[in-house]
Amino acid sequence: MIWRPITATFFFPVGPGTGFLYLVNLYFLYQYSTRLETGAFDGRPADYLFMLLFNWACIVITGLAMDMQLLMIPLIMSVLYVWAQLNRDMIVSFWFGTRFKACYLPWVILGFNYIIGGSVINELIGNLVGHLYFFLMFRYPMDLGGRNFLSTPQFLYRWLPSRRGGVSGFGVPPASMRRAADQNGGGGRHNWGQGFRLGDQ
């Protein structure tokens, strides 16, 4: 079925034995996806969407090869892994006040989910896919001077233009408005004329 990869990504069987694991992963999704969107990918929604699509495609291929039923946890873990590598030296806190560098967080969560869920396959696949994206997009071309194998398609930039200078990418004002603003000194001020002082005839 063509829609099966999509439903497998968004569906999670919530029950007495999986409810807590589901809530924990939703927290991770909100927390670290938000940090990526407002941090490394701030003002670049097309690049962030491309990361999600690339990770999702890799997870779908892996899921087909390994006959996996659910793909939500691997996708969440891949997002968390990318954030952890981009902020690898940041000190993060985990359960019971433990503190360590962010680069270790995906593996700590893998161990934690093994304790409460009994399986690490989903978390391991998510970490490996996140590492693949991070290596091809950042590590190999920037740190090792290699070829850039990944780049965001231009049609995504057309759909989701980047934001620059704190202004959302909704185009630019017409040329006539820009010329009028330049003649009036900019800043959107209107030329109200010279005026008269009180008492003048």
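Biologist: Let's start with Phe94: buried or exposed?

Modeller: Buried, because its relative accessible area is 15%, and the cut-off for buried is under 20%. Keep in mind that this is a predicted model.

Biologist: Where does Phe94 lie?

Modeller: Phe94 is in the loop between strand S1 (91–93) and strand S2 (99–101).

Biologist: And which residues does Phe94 touch?

Modeller: Leaving out residues up to four places away in sequence, Phe94 touches Phe28, Phe100, Leu105, Val108, Ile109 and Phe112. Take Ile109 from that list: Phe94 and Ile109 are 15 residues apart in sequence, and their C-alpha atoms are 9.0 Å apart in space.

Biologist: OK, zooming out. How many helices and strands does the chain have?

Modeller: Eight helices and two strands. Starting at the N terminus, the order is α-α-α-α-β-β-α-α-α-α.

Biologist: What share of the chain counts as buried?

Modeller: 34% of the 201 residues. As for contacts with a separation of 6 or more, 59% of them are between residues 24 or more positions apart.

Biologist: Now the helices. At what angle do H3 and H6 pack?

Modeller: About 135 degrees, with the axes 10 Å apart. H3 covers residues 45–66 and H6 covers residues 121–143.

Biologist: Why do you call H3 and H6 oblique?

Modeller: The angle is about 135 degrees, and roughly antiparallel would need over 145 while roughly perpendicular stops at 115. H3 and H6 therefore count as oblique to each other. H3 also passes H6 in a right-handed crossing.

Biologist: Which residues make that contact between H3 and H6?

Modeller: From H3 you have Asp47, Phe50, Met51, Phe54, Asn55, Cys58, Ile59, Thr62 and Met66. From H6, the partners are Ile121, Ile125, Val129, Leu132, Tyr133, Leu136 and Met137. Sorted by class, the contact of H3 with H6 has 13 nonpolar, two polar and one charged residues.

Biologist: Where is the kink in H6 centred?

Modeller: On Phe135, with a kink of about 50 degrees.

Biologist: Which residues of H6 are buried?

Modeller: Glu123, Ile125, Gly126, Asn127, Val129, Gly130, Tyr133, Phe134, Leu136, Met137, Phe138 and Pro141. After H6 comes Gly145, with a positive phi near 70 degrees.

Biologist: Back to H3. How does H3 pack with H4?

Modeller: The angle between H3 and H4 is about 130 degrees and their axes are 10 Å apart, so H3 and H4 are oblique to each other. The crossing of H3 and H4 is right-handed.

Biologist: Which residues of H3 and H4 meet?

Modeller: On the H3 side, Tyr48, Met51, Leu52, Asn55, Trp56 and Ile59. On the H4 side, Pro74, Leu75, Ser78, Val79 and Val82. By class, the contact of H3 with H4 comes to nine nonpolar, two polar and no charged residues.

Biologist: Last topic: what is the phi of Asp67?

Modeller: Positive, about 55 degrees, although Asp67 is not a glycine. Asp67 is in the loop between H3 and helix H4 (72–86).

Biologist: And is Asp67 buried or exposed?

Modeller: Exposed, because its relative accessibility is 59% and the cut-off for exposed is over 50%.

Terms used:
Residues are numbered from 1 along each chain as its sequence is written. This is a predicted model: local features need pLDDT of at least 70, side-chain atom pairs count only at pLDDT 80 or more; totals for chains, interfaces and linings use all residues. Side-chain values use heavy atoms; hydrogens and water are left out. Axes are lines fitted to C-alpha atoms, for helices over the stretch in contact, and angles run from 0 to 180 degrees between N-to-C directions. Helices (H or I, at least four residues) and strands (E, at least two) are DSSP runs, numbered from the N terminus. Angles under 35 degrees count as roughly parallel, over 145 as roughly antiparallel, 65 to 115 as roughly perpendicular and the rest as oblique. A crossing is left-handed if the near helix is turned anticlockwise from the far one by less than a right angle, and right-handed if clockwise. Contact means heavy atoms within 4.5 Å. Ala, Val, Leu, Ile, Met, Phe, Trp, Tyr, Cys and Pro count as nonpolar, Asp, Glu, Lys and Arg as charged, and the others, Gly among them, as polar. The bend at a residue is the angle between axes fitted to the seven residues ending there and the seven starting there. Buried means under 20% relative accessible area, exposed over 50%, partly exposed in between (1.4 Å probe, protein chains only).
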